[in-house]
Amino acid sequence: MSLVTRCPACGTAFRVQREQLTAHFGTVRCGKCGSAFNGVTALVGPAARSEAPVPEFLEDPPSRGSAWLWPLLSVAALVALVAQLHFARSEIIAWVPQLRPAFEAVCRLAGCAVPLPRRPELIRIVSSDMHNDPPRRLFVLNALLHNFARFPQQYPDLELTLTDAGKPLTRRVLRPVEYLESRAMRNGLDAGAEEALRVHVDATGVPASGYELCIYPHECLKSAKQ
């Protein structure tokens, strides 16, 4: 850190380093009049810096990195912000659906996609039933889903558990691709809409007499805690 000392002969104030003061027991030479004096006893406050020009040989060298450091940090911050918006675009659209056209326009230029939000905790199974189809050795599961969100969203994963006398025999997670057509998956479940689904489950070797169906994983975790 630079210190400021003043020549008692001509009154010139200039900066000195601690190393300069300790090298010759505090003795320094004025760059203006050439007088030697004790720089320690002549130290003054920082305000004296502006009272007189600093000799060139004592000028602090400019920082070469400072010219490009701040622009580089600004670019890095902008890149980080864009990355956060990219990864959180589905959640942002869930909160502000009106922003979806803007994100889609940007993604058309950037070659990315804007997936539908995924909030399975806002979807409910309104009703369901399952019956046995012995000739084909299948269980036929029917269910009705309702989207309580105020925005369209992806269809949820469903967990189906086959039981006998209340005891689980086998458990399976049904992905949307297993119970929907590809067109319905792309469009998603509209805000406030309901969707009926039917799934054929292979029952070979499973002596099931009942079933449990829940939205995976949110609703299933709540049921497990009860």
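In this predicted model, three strands form an open sheet in the order β6-β7-β10, with antiparallel pairing; strands are DSSP runs of E of at least two residues, helices are runs of H or I of at least four, and both are numbered from the N terminus. Two strands are taken as paired if DSSP finds at least two bridges between them. The edge strands, β6 (123-133) and β10 (194-202), each pair on one side only. On average, neighbouring strands of this sheet are turned by 15 degrees against each other, direction ignored (axes are lines fitted to C-alpha atoms). Ten bridges join β6 and β7 (residues 138-147) in the antiparallel sense, and D133 stands opposite L138 in β7.

Residues are numbered from 1 along each chain as its sequence is written. Local features need pLDDT of at least 70, side-chain atom pairs count only at pLDDT 80 or more, and totals for chains, interfaces and linings use all residues, while side-chain values use heavy atoms, without hydrogens and water.

In helix α4 (residues 100-110), the buried residues are R100, F103 and C107 (buried: under 20% relative accessible area; exposed: over 50%; partly exposed in between; 1.4 Å probe, protein chains only). Seen down the axis of α4, these residues fall within an arc of 65 degrees, so they line one face of the helix; the arc is that of the directions from the helix axis to the C-beta atoms. The face turned away from the buried side carries the exposed residues P101, V106, R108 and L109. G111, which follows α4, has a positive phi near 75 degrees.

Overall, the protein comprises seven helices and eleven strands, and buried residues make up 33% of its 226 residues.

Key. Axes fitted to C-alpha atoms, helices over the stretch in contact; angles between N-to-C directions.
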